[in-house]
Amino acid sequence: MATTEPAELIQRHLDMLVDTGAETGVQVAVYRDGALIVDAVAGTADPATGRPLTSRTPIFGFSIGKNVTAILAHLLVARGHLDYDSPVTDLWPEFGAHGKGTVTLRHVLTHTTGLPAMPRDITPRRLPDWSRVCDALAAAEPLWRPGTAMGYHSYTFGYLVGELARRATGRPVHELLREWVTAPLGLEEQLFLAVPRASLAGVARLDQATWETPAGPGGTEAIHAPWETRPSAGLGNTADILCADIPSVGTAGAHALAAMFDSVLRGELVDPARLSAMSALAYEGTDQVFGTPARMTLGFPSGRIGAPAGADSGAFGWPGGGGSYAYADPARGVAFALTKNRLTPDFDTVLSVTALLADQLA
């Protein structure tokens, strides 16, 4: 059970967001120095039936699943299956086509491989076809020489890490997640990269606000296809998508994500060298997809959404399209996650919650 002061404040705030219609269902979990200090939930898991949301209900999230896949990449290195600087072609020779033979796991983790977008023949309905997606990525021509620029790898990131994991261990990423993370932490029914069919009834249903996706910088056409950067409730409510390994997305509750990051901070999942790689700046430049400043650790954006300008706590973690977010802050011992089932075009809910939390933890 979470302790009281920040928990009560956050709970009242979530209730207000649901009561005013800003959110349908929302979860917030916060660990500090190993203690669960916030475990708040409000609203419904299914807007159509009124099924209540609980703090353990898994919710499909766009890109927030990259937190899980990036941690698995570090575990693959820690267990001797991969190395940050070994060529991808050591395990995946076909990937070397069109000058990609220099790509390493480090490039994959910093989104500098030059493959930010799916090949155009890969559409959302093809995403569950693992072999087809990976074959298309292996044959693709990079948009820049690997390692020379960074651009957000929306869906490609998960398949690149996942195929390396499969070739290194012989097993799909959802099995590695269960064995290495969710089973040891007791999170089996709260965190998935591929939801078992038998567990689908317990997953929240998404609903959606509408918004426009801007084009890429200086051009008339975005680098990504619209579906790669515009989250869709229809996609996230599709059983074949929920049940497939698509490791840039995932299905998780806030408690599970915060508990996973807390175990990272406490050294239960990774050693100090791996935690340092997660928090230390590994790339700084301009995101070629969005034209915005980019600061990357190995696997994560560096810094925290809404942090004061110039603040450098070593926090790291992925937001998700639609407004969810999870991060770890080693300097403060804080692991945070907010998940929700209404897809919105902004992070207003995250910013309002983290502002309240900052006042409480100051």
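Author: Searching the whole structure turns up 15 salt bridges, a salt bridge being a side-chain nitrogen of Lys or Arg within 4 Å of a carboxyl oxygen of Asp or Glu. Before we dig in, keep in mind that this is a predicted model, where local features need pLDDT of at least 70 and side-chain atom pairs count only at pLDDT 80 or more, while totals for chains, interfaces and linings use all residues. Residues are numbered from 1 along each chain as its sequence is written, and side-chain values use heavy atoms, with hydrogens and water left out.

Let's start with Lys340 and Glu23, a salt bridge whose closest N and O atoms sit 3.1 Å apart. Lys340 belongs to strand E12 (residues 334–340) and Glu23 to the loop between H1 and E1, so this pair ties together parts 317 residues apart in sequence. (Helices, H or I with at least four residues, and strands, E with at least two, are DSSP runs numbered from the N terminus.) Both partners are tucked away: Lys340 is buried at a relative accessible area of 3%, and Glu23 is buried too, at 4%. Here buried means under 20% relative accessible area, exposed over 50%, and partly exposed in between, with a 1.4 Å probe and protein chains only.

Now for the pair Asp85 and Arg106, with 2.7 Å between the closest N and O atoms of their salt bridge. Asp85 is in the loop between helix H2 (66–78) and helix H3 (105–109), and Arg106 is in H3 itself, so the bridge ties together parts 21 residues apart in sequence. Asp85 is partly exposed, with a relative accessible area of 43%, and Arg106 is partly exposed at 31%.

Over in helix H5 (residues 156–169), Glu163 and Arg166 are 3 residues apart, about one turn of the helix. An α-helix has 3.6 residues a turn, so residues three or four places apart point the same way. The closest N and O atoms of the Glu163–Arg166 salt bridge are 2.7 Å apart. Glu163 is buried, with a relative accessible area of 3%, whereas Arg166 is partly exposed at 35%.

H1 (residues 5–19) has 15 residues and reaches 22 Å from its first C-alpha to its last, close to the expected 21 Å; the expected span is 1.5 Å times one less than the number of residues. Its buried residues are Pro6, Ala7, Ile10, His13, Leu14 and Leu17. Seen down the axis of H1, they fall within an arc of 130 degrees, so they line one face; the arc is that of the directions from the helix axis to the C-beta atoms. That buried set packs against strand E1 (25–32), strand E2 (35–46) and helix H12 (348–361), with contact meaning heavy atoms within 4.5 Å. Glu5, Arg12 and Asp19 are exposed on the face turned away from the buried side. After H1 comes Gly21, with a positive phi near 85 degrees.

Gly80 follows H2, and its phi is positive, near 85 degrees.
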